[in-house]
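I opened this model to go through its cores, its sheets and its backbone exceptions. My entries follow in the order I made them.

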Amino acid sequence: MTEALYKSIVEESNDGIFVAQGGDIIYANEKLQELTGYSNTELVGSPKTRIVAPAHSVLVKSHHRARMEGDSVPNQFEIDLQTSAGERVPVELSVSRITDEGKPASVSFCRDLSEQKERERTLEGIVSKANNIVEATSKAEIGQVAVDIAHDVLGAPLAGMHLLSDDSQCLEMVAAIDEVREEFGVPPTYKKTTEDAPSEVVWEAFESTEPVYLDDTREYATLAEETPARSAIVEPLGDHGVFIISATEPEAFDQTDRNLVELLTQILTATLDRQKRERELEQSRKRIQGLFDESPDMINVHDSNGVIVDSNPQLSEKLGYTTDELVGKYIWEIDQLADPTQTREALADLETGERFRVEGRYQCKDGSTIPVELQIRRLALSDGDEFLVSSRDITERKEREQQIQTLTERLELAVEGANLGVWDWDMTTDEVEFNDQWANMLGHSLADIEPHLDAWENRVHPSDLDEVEAALDAHIEGETTYYESEHRMKTADGDWKWIRDIGKIAERDEDGEPVRAVGIHLDIDDRKSYEQTLKEERDMFTQGPAVVFNWRDADEWPVEYVSDNVTDVFGYTPEELESGEISYIDIIHEEDLERVSKKVATNSDEGIERFSHDPYRIVTAEGEIRWVLDHTKNVWDDGDITHRLGYLVDITERKEREQELEWHERLIEESIDVPTVIDSTGTITYVSPSVRRVLGYEPDELLGKRGFEFQHPDDREDVANAIEKLQSSPDSPQTVQVRFRRADGSWRWIESRMQNFLDHERISGIIVNSREVTERKEYEQELESQRDNLKILNQVVRHDIRNDLQVVSAYAEKCQTYVDESGEEYLTKVLEASRDAVNITETARDITETMLQSSTDLDLVNLRYVLDREVDDVRSNYEQGVVTVEGSIPDIKVRADDMLESVFRNLLGNAIQHNDKEIPEVTVSATVEDDMVVIEVADNGPGVPDHRKAKIFEENEQGLDSHGTGLGLYLVETLIERYSGDIRVADNEPDGAVFITTLPIDE
């Protein structure tokens, strides 16, 4: 490289360069002259320390000396140069040792660090003030700190922060330096839909999340005309908005400015994100707390030792405790079914996030109990594991299960009692489920019968098979309501037995093809009737009388007088109490004694004549509990109380009614396995994580979606109607049962209870508490199918069998003119047997109809009309008897149904049929006593012995010399109890029996 080229490079260098020899400058380039303000003449020949700031001259000298001596020193370090004007310029000094004309020298390169140092100071300023942004509590405060940093630290002439509006249509200014308002007048707002150039530029940066740099707005179509800014930086703030710095002159910002603004906006964005997350977390916390407080379910949280640490208001209200009273109790103190040892073991085995379901029985503060279903979940918390227990009152479900169980037992009894063979045919696989009676009817055990259609077809008589299959095909094609056939079937011993086969398609698929049929076999070789038991128990509440006590104001409160009715009310005799054997304190319930004693003590001050206790309990002589209202009078003598006179009113029945009413008022609808919050359109805004277990979805999969998307199309209208009703009647919860599609595509029945909390400050939605009820729904459908079977049987009994018997009776009567004296006896027996059989079918029909009815089927029935009609019928059917009505039948109404006629038909028929007199005489009377009507049916027959009077109404119990089923009087008593009445039998004078029926009058 030539000397001229070297010189050119040195002279054109951006670094100041000088060569020193012996401590003096022997060469300085133009850049060094520019940096120091000295001319070349002034520099050359002067000591090099002349241009070094005094604070760094010692450092430079020591490095120079060491270098000349060959010691190791840094070749590059920072110092300050001092200019001719006395100012300091920071430089990076790079020194190398050289030889000039055979003498050692050094060459130094001085790189100006002024701009770098300025950037570092600016960066330090941003960082030092960034903490103010982080500590700001509002968006406006954050924005103001940011624009102040942009102005004071970055030197931005104009700066502002614009955030997205609530409707997402505007970027609104929340903070700006004063100069922005001076330049722009009205603070600028950038609208998404406005077609102006500034808004388009700003929204481009926001939506693309990329910064926009404008060096000269005049280069854009109309931008310069619509804004005073000539250069700008628009930095996006995530999904919050934008930060803008601008200037009124073009090209005001370089790359350094851009980098520093980017750093500032990163801090801004992070702070806004954090505040957004904090707001969302707070909203989530409030929502969860709202669900905890407002959930219809009873909820408590307890630790691993079973100690309750929190509870929601519903649990407190339900059990009658305050939250403070519940906190600190062991869970087994309120759950009678929870064993401490077993509970601790179960909690220890429960994994975090896992839950299990168990039934319990909560004991209320007043001693009453509530059956509950518990769901327990382990929660992993920072300060130790806790357990969330959600419980719901299942009293209604238990009652419903008992009703279902009762109905099932009745159905089983009916099938067994009537000797019905039942079959259930899966028409898609030809598998058939037969019952024991079906097999026994043909002489087999159920184990002998293959559960397949072939087991039936192979036993049908070949001559009957075509006709049977034709009847079956006609029903399958919808040509007949029922499949009906009478045909022969082979028994186990090879004989043929006539069977009446009745069935019906119970289920079809979506294409209308049959998939299931059910039916019964009736043995028409040896017809039998079936029986069914229906009993209802009623609780009778009575109001007890008042009892007067006079006891001495001494220890144990000895009784000196008590009214005679104490025996009737409390079971004690006056002698037991007045003798001192039993004191008044002895009969007060131990849990109430302290309260009663305190009440007496606080009302013993002078001047107090009378006071009343809050209701307390008395223990009767039989150990029963009676609630009393005690009005006490203090008896004074010379300033002292000598006696107390107590007037006790037995309010047990009233207290029980009040407790029951309180229980019902505080009863919350069944809790839910999946708490959900939806808005008024059905869109899901919150769903419990339990949806994973019940329906297989992640909560995020459902959020923001309408519940209708997952409901069966046939059920959506029911849900929409329920939401509409809920909005029109906010205080009326709605319950619906719908099919919900699981994540795996299967359908599950869900029962949902909805409550309107749209106006609730924290919830702002409709709370939907849902529980899967698929098994219960399928069980109910199975019961409905069984009821259909009973209806089929009832049709057979009412129509076919009875008609056949009446035909037999009619032909037998016609044969009377053709039968001689020797055959008359047999013909008479045929007639009597056929009539008895008709009566049996009527009784069987009545039992079936009774079994299929519910207590809600009762109506007002005119007693005179029913009784007169039955009297007329019995006179027509039994001409040998004399039926007399004593007086007139009152024109009143009782609450009953069509089966009331069966009561009187059985009573009147029995009075004649089981009469041993040549001329049976029956007397009927009806009288009104208070709000009851008493109907007596008296006869002159053999009567009923005393030892049989209590048993005569029992199931299968037959009268004297009776060959009937024993169902008639059993049916009578069943119906009378259904009508809230009573029936008993007494002796008639001089002979016979009187059946006395009592029914309440309904006005």
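**Entry 1**

I started with the contacts of leucine 900. Setting aside neighbours within four places in sequence, I find leucine 900 in contact with Val861, Val866, Val894, Tyr979 and Leu999. I keep in mind that this is a predicted model.

Next I looked up the largest nonpolar core. The largest nonpolar core holds 42 residues, and Leu900, Val903 and Tyr979 have the most contacts inside it.

**Entry 2: A five-stranded sheet**

I traced an open sheet of five strands. Its order is S18-S17-S21-S20-S19, with antiparallel pairing. Which strands stand at the edges? They are S18 (431–434) and S19 (483–490). Each has a single partner strand, so one side of each is left without a neighbour in the sheet. The twist averages 25° from one strand to the next.

I checked one pair in detail. S17 (residues 421–426) and S18 are antiparallel over four bridges. Tryptophan 423 stands opposite phenylalanine 434 in S18.

What packs on this sheet? Helix H18 (residues 462–476) does, and it touches S17, S19, S20 (496–508) and S21 (514–523). The direction of H18 makes about 155° with that of S19.

**Entry 3: Strand S32 and its partners**

I moved on to S32 (residues 765–772). Seven of its eight residues are buried. I looked up its pairing with two strands. S28 (residues 674–678) pairs with S32 in the antiparallel sense over five bridges. In that pairing, proline 675 has asparagine 769 of S32 as its bridge partner. S31 (residues 747–757) also pairs with S32 in the antiparallel sense, over eight bridges. Isoleucine 750 stands opposite glutamate 772 in S32.

**Entry 4: Cysteines**

How many disulfides does a search of the whole structure find? It finds zero. I also looked up two cysteines. Cysteine 110 counts as buried because its relative accessibility is 0%. Cysteine 170 has 13% relative accessibility, so cysteine 170 counts as buried too.

**Entry 5: Backbone exceptions**

I ended with the backbone. Most residues other than glycine have a negative phi, and most peptide bonds are trans.

The peptide bond from glutamate 989 to proline 990 is cis, with omega near 5°. Proline 990 is in the loop between S38 and S39.

Tryptophan 557 is not a glycine, yet has a positive phi of about 50°. I find tryptophan 557 in the loop between S22 (546–552) and S23 (559–562). Is tryptophan 557 buried or exposed? Its relative accessible area is 9%, so it is buried.

Serine 980 also has a positive phi, near 65°. Serine 980 sits in the loop between H32 and S38. With a relative accessible area of 36%, serine 980 is partly exposed.

Terms used:
Residues numbered from 1 in each chain as written. Predicted model: local features only at pLDDT ≥ 70, side-chain atom pairs only at ≥ 80, totals over all residues. Heavy atoms only, no water. Buried < 20%, exposed > 50% of the residue type's maximum accessible area, 1.4 Å probe, protein only. Pairing = 2+ DSSP bridges. Core = buried A, V, L, I, M, F, W, Y, C linked by side-chain atoms within 4.5 Å. Contact = heavy atoms within 4.5 Å. Axes fitted to C-alpha atoms, helices over the stretch in contact; angles between N-to-C directions. Disulfide = S-S within 2.5 Å.
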